[in-house]
Every structure is written in C-alpha cells, then in structure tokens.
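Biologist: Let's go through this one slowly, and I'll keep asking what the words rest on. Could you put it up on the screen?

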Amino acid sequence: MEFAELICAAQNGSRTARDQLVCENMGLVWSVVRRFKGRGQEMEDLFQIGSIGLMKAVDKFDLQYQVCFSTYAVPLIAGEIRRFLRDDGMLKVSRSLKEQAYKAGIAREQLGMELGRDPTMEEVAGRMGICVEEVAAALESNAEVESLSRTIYQGDGNAITLMDKLEEERDISEELVNQLVVEQMLSHLPKLEKRLLELRYFKEKTQAQTAKELGITQVQVSRLERKILGQLRKKLPR
C-alpha cells in the first residue's frame with residue numbers, strides 16, 4: 001500500500017495501516033530522542049513519549065501540506081518530548097498512563113465515527129483490549145490536564161482560566177510546521193510572484209514601492225497579488 005493510501009486508511013480508523021506507519025517510522029523517533037540524551041531521563045522513556053508524537057503526526061498529517069512526512073513529524077515528536085521534560089513533575093501522571101490516555105482518546109473518536117454516537121466505556125475498553133478500570137484511570141488522568149482550562153475568575157465579561165495564570169509559552173513545534181509549509185508553498189512559485197510576496201508580506205512594502213522595485217505598475221501588482229493569494233489559499237491545509 002502506498003504512503004498516501006496508508007495515511008488515509010489510518011485516519012479512517014484502520015489500526016493495521018496506523019501500526020504500519022508507526023513501525024516504519026520508529027527510526028525517526030530514535031533520531032529525535034538522541035538529541036535529548038543527558039537530560040536526566042531514560043532513553044527508553046523518551047522513546048515512548050516521542051512515539052506519542054509520531055502517532056499524533058500520523059493522525060494529523062495532511063497530504064495537502066506538500067511536505068514529506070518526516071519533515072512534518074519531527075517537530076511533533078520533539079515537541080512531545082520537550083513538553084514531557086518541561087511538565088514532568090508538575091502533574092505526577094505516569095508515562096504509561098499518559099500514553100494510555102492518548103490511545104483511549106483515539107479509540108473513543110474512532111468508535112464515535114463508526115457508531116454515530118458516543119461509545120460506552122466498555123466499548124472503548126473492548127477496542128483497546130484492556131479492562132474498563134484501566135480506561136477509566138487513563139481518561140481520568142487526562143482530565144487533570146484538561147482542568148487547567150476551567151474558569152477561576154469571571155469579570156467584565158472576560159473569563160480567566162487557570163491556564164492564564166501559568167507562564168505562557170510559544171508552541172515552537174507548531175510554529176516550525178507552519179514555517180515549513182509556507183516555505184514549501186513559496187518554493188513552487190515563479191520568481192516574480194515569489195519576489196512580490198517577499199516584498200509585500202515579509203518586507204512590508206506598499207504596492208507602489210513593490211511596483212517600482214519590480215518594474216511593473218501598481219495595478220499589475222494588485223491583480224497579481226490577488227491571483228497568487230487565491231492560488232495559495234486553495235493549497236492551504238484543511
């Protein structure tokens with residue numbers, strides 16, 4: 001089965017396709033894990049966390065990104081490990097339970113699509129091949145993290161959550177993915193169109209300034225800009 005077919009099958013609920021994609025990309029996880037050697041954690045533990053990032057990459061990858069899977073997966077794998085290293089100790093949830101919680105969430109989503117309703121705990125347990133108590137424990141551990149979004153103050157129509165009280169960090173992994181997608185899309189543009197976007201959106205030139213530098217009229221810049229943006233929007237990931 002070709003890669004595109006595997007991705008589609010995995011995202012439509014095929015465990016066989018999903019397992020194949022994960023197995024075929026285990027080397028990718030190890031290549032990322034080695035970057036975090038000497039951080040006070042066992043390599044095997046970091047591999048398990050990185051594998052969660054790989055599974056997320058399989059679940060979220062969109063063929064319309066026009067980047068190879070490894071380019072998309074590496075930031076997600078690294079991001080998962082970074083979050084673990086940053087958060088470990090803040091919430092004392094075992095690594096195996098964190099992974100189980102993620103798998104339970106996936107199983108619940110897949111069953112929901114298949115059944116057309118919210119699945120029961122017994123159905124999720126049956127899909128995962130574990131007992132109901134283990135599913136409940138996994139979902140409960142995940143709820144601890146989700147509770148950070150609860151409102152702790154409401155005033156003037158603006159809600160403040162517990163997460164708002166914590167130090168805010170940029171999602172470097174997501175930013176990197178976005179940057180890779182944009183760079184990949186721009187690389188396919190003709191030289192003139194690429195230069196026009198660079199001047200307008202990266203160097204913040206006006207249409208008049210852009211027209212002067214490109215040796216065309218402002219009207220031409222305006223029309224060309226609309227055309228390029230329209231084409232790029234069609235290629236944007238869903």
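Biologist: How many residues line the second largest pocket, and which lie nearest its centre?

Modeller: The lining has 16 residues, and Arg15, Arg18, Asp19, Met55 and Lys103 are the ones nearest the centre. Before we go on: this is a predicted model, so local features need pLDDT of at least 70 and side-chain atom pairs count only at pLDDT 80 or more, while totals for chains, interfaces and linings use all residues. Numbering starts from 1 along each chain as its sequence is written, and side-chain values use heavy atoms, with hydrogens and water left out.

Biologist: What makes something a pocket and not a cavity?

Modeller: On a 1 Å grid over the protein atoms alone, a cavity is a set of points where a 1.4 Å probe fits but cannot get out. A pocket is an open set with protein on both sides within 12 Å along at least five of seven lines, and a lining residue has an atom within 4 Å of a point. The space in this pocket is about 380 Å³, where grid points are joined across faces, edges and corners and the volume is what probe spheres set on the points fill.

Biologist: Which helices supply at least two residues each to that lining, and which gives the most?

Modeller: α2 (15-24), α4 (43-60), α6 and α7 (121-128) each supply at least two, and α6 gives the most, with 6 residues. A helix here is a DSSP run of H or I with at least four residues, a strand is a run of E with at least two, and both are numbered from the N terminus. The protein comes to 12 helices and 2 strands, in the order α-α-α-α-α-α-α-α-β-β-α-α-α-α.

Biologist: How do the lining residues divide into nonpolar, polar and charged?

Modeller: 6 nonpolar, 4 polar and 6 charged. Ala, Val, Leu, Ile, Met, Phe, Trp, Tyr, Cys and Pro count as nonpolar, Asp, Glu, Lys and Arg as charged, and the others, Gly among them, as polar.

Biologist: Why is Ser51 called buried?

Modeller: Buried means under 20% relative accessible area, exposed means over 50%, and partly exposed is in between (1.4 Å probe, protein chains only). Ser51 has 6%, so it is buried. Ser51 sits in helix α4 and, neighbours within four places aside, is in contact with Met26 and Val29. Contact means heavy atoms within 4.5 Å. Over the protein, buried residues make up 35% of the 238 residues.

Biologist: What makes Trp30 partly exposed?

Modeller: Its relative accessible area is 27%, so Trp30 falls between the 20% and 50% cut-offs. Trp30 is in helix α3 and touches Met43, Glu44 and Phe47, leaving out residues up to four places away.

Biologist: Why does Val124 count as buried, and what does it touch?

Modeller: Val124 has 2% relative accessibility, so it counts as buried. Residues up to four places away aside, Val124 touches Ala104, Ala107, Arg108, Leu111, Pro119 and Val135. Arg108, in helix α6 (residues 95-115), is partly exposed at 42%, and its contacts include Pro119 and Leu139.

Biologist: What makes the pairing of Arg200 and Glu225 a polar contact?

Modeller: A polar contact is a pair of N or O atoms within 3.5 Å; within protein, one must be able to donate a hydrogen and the other to accept it, and residues adjacent in sequence count only if both atoms are side-chain atoms. The side chains of Arg200 and Glu225 come in at 2.8 Å, so the pair is inside the 3.5 Å limit. Arg200 lies in helix α10 (residues 191-202).
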